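Biologist: Could you walk me through this structure, one question at a time?

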Amino acid sequence: MYKVLIVEDEVLVRVGLKTTIDWELHGFAVAAEASNGEQGYEQYQKCRPDVVITDIQMPKRDGLWLVEEIRKTDQTVQILVLTCHDEFEYARRALKVGADDYVLKSEVEDEELLAIMKRFKNNLDQLNRKEPATGKAPLNQEDIKKTLLSSMALNNFRLDGEQQRLCRLVDFPLEDARFAFFQINMNRSTTGEMPAEDSGGSQMQQAMLHLVYDHLMEKGVHYLYQHQGSAHVFLVAERTLNKTEMLRMFSAFNNGAKQYFDKGLNIVYSDIIENLSDLGVLYKGFGEKAQILFYKKAGEGFLASMNMIRFQEPNMPKLKKEYGNRYLEALGHENLAEAWGVLQEVQRYFWEHQANPATVKLFYSNLFGDVLGSYGPELEKSGGVETLPDYHGRVMHAGHWEELYGYAESFTRKMVDEITRMHQERSRGAIDQAVAYIRSHYKENISLEDVAQEVNLSKHYLCSAFKKETGDNMSLYINKLRIEKAKQLLLESNRSIKEIFEEVGYSNQQYFSKVFKKITNMTVVEYRGHK
């Protein structure tokens, strides 16, 4: 892939250029950026890009100076100049000193920019500066920054030689600097978009993050960062870093996000330390406290020091007894509304008590585990339910309570559907068995308890399932069966009414007559009179 350097002092324009098109899809990777010509030339020397996109009017050194400096030693790099309407003379001069093309900032469209980049790519391919590449782009400074912090954290910030080399490569100081962490959380409600599947995230999310990157770069604050789920963690370093400077920085992040996207950013920050050797301890403590963002409403502009954050540790056995058992019972009764009601109660409890999010996630993971432990073997046969490790992974990586509650709702609906299906399949066979038992024993004094014991189901479930399958409750079904047999005997024999009602299972003639009239709308005598 061909490397691109973007040099532009306007943050929003720079962000737009980086996020407006899919660079990798068209054979490019944004390798570096700068906010003025002087920084641009430094980045050019470091990353040796194949394409330079530069503004003209910028502080310190302008774009004309940058183009001239590059062309002194490099005639093959493709240079695109951005200009405004009233800078046409500058654009003409830029072409004269070596720019390959120019485009008006106010009129640039995705299609126009893509057309220029495709032409640049063809030029580069023909120049044989490198073979047209497929696959991943070579690591650039941003790639290194994204992976280096995770690598350092895994090693508890005891840096090996390679990590130190990479720090030098991206100008991240390891000595004579002060260090701090901060975390920004972004989920779908932050940006109004569905969460992206890849690590890059959504377009708006990327634009908001680039506001942060660009501000840090402009202020000369060195940084590394990592991204996991909705959490974006930054390690910043600067020789004179202090709390006042950090608060100004966070205020600028929020102002930019509100100005351009009408969204605030939720941020937690750590203490400032001077010794690199203390980063491991700070990182662990900061990560625990930064979980407060799990509860914060997206876009509200929450800001807190890790020292302000306190969590409560709920009594898990008590919660399981109070909520878990009710939840399992509701699922067993296929009562979706009741199960959701239990979830709402427990979520409200966690919210009001600001329970440790790690504990909250563990509660839900255990709750799901109890459900799968009770129904898992039968549910696995259907293939319609994921395994506990799948659900556990989703729960433990949830970045916000809304995301977690969404998983819980989805899980609950799925379980009710599957348990209902399972009960229906099981009940069909059981009800067939119950009906066969009743037909064989209807003359006897049988009860719901007798039939439930015979088919090995609870009275409550058998009563409900029998009514669903046959349309009648069991006592009515038995009475209908007895009366049908009595009708047959009344018409086909001269036996006495007493002999007949005893034959079909009744011990009381008055009750038999009452049931007969209710079912047939005729008295016993009237019915026999039709003989």
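Predicted model: local features only at pLDDT ≥ 70, side-chain atom pairs only at ≥ 80, totals over all residues.

Modeller: Residues are numbered from 1 along each chain as its sequence is written, and side-chain values use heavy atoms, with hydrogens and water left out.

Biologist: Is Ser270 buried or exposed?

Modeller: Ser270 sits in the loop between strand 9 (266–269) and helix 11 (279–289). Because its relative accessible area is 3%, and buried means under 20% with a 1.4 Å probe and protein chains only, Ser270 counts as buried.

Biologist: Which backbone nitrogen does the side chain of Ser270 reach?

Modeller: Leaving aside residues up to four places away in sequence, Ser270 touches Ala180, Phe181, Leu282, Phe286 and Met306, where contact means heavy atoms within 4.5 Å. At 2.8 Å, the side chain of Ser270 reaches the backbone nitrogen of Phe181.

Biologist: How many salt bridges are there between domain 2 and domain 3?

Modeller: Domain 2 (141–192 + 201–308) and domain 3 (311–471), with bounds from an automatic or database domain assignment, have C-alpha centres 42 Å apart. Across their interface, 15 residues of domain 2 are in contact with 17 residues of domain 3. A salt bridge needs a side-chain nitrogen of Lys or Arg within 4 Å of a carboxyl oxygen of Asp or Glu, and the count between domain 2 and domain 3 is zero.

Technical notes
Helix = DSSP H or I, 4+ residues; strand = E, 2+ residues; numbered from the N terminus. Buried < 20%, exposed > 50% of the residue type's maximum accessible area, 1.4 Å probe, protein only. Polar contact = N/O pair within 3.5 Å; in protein donor to acceptor, adjacent residues only side chain to side chain.
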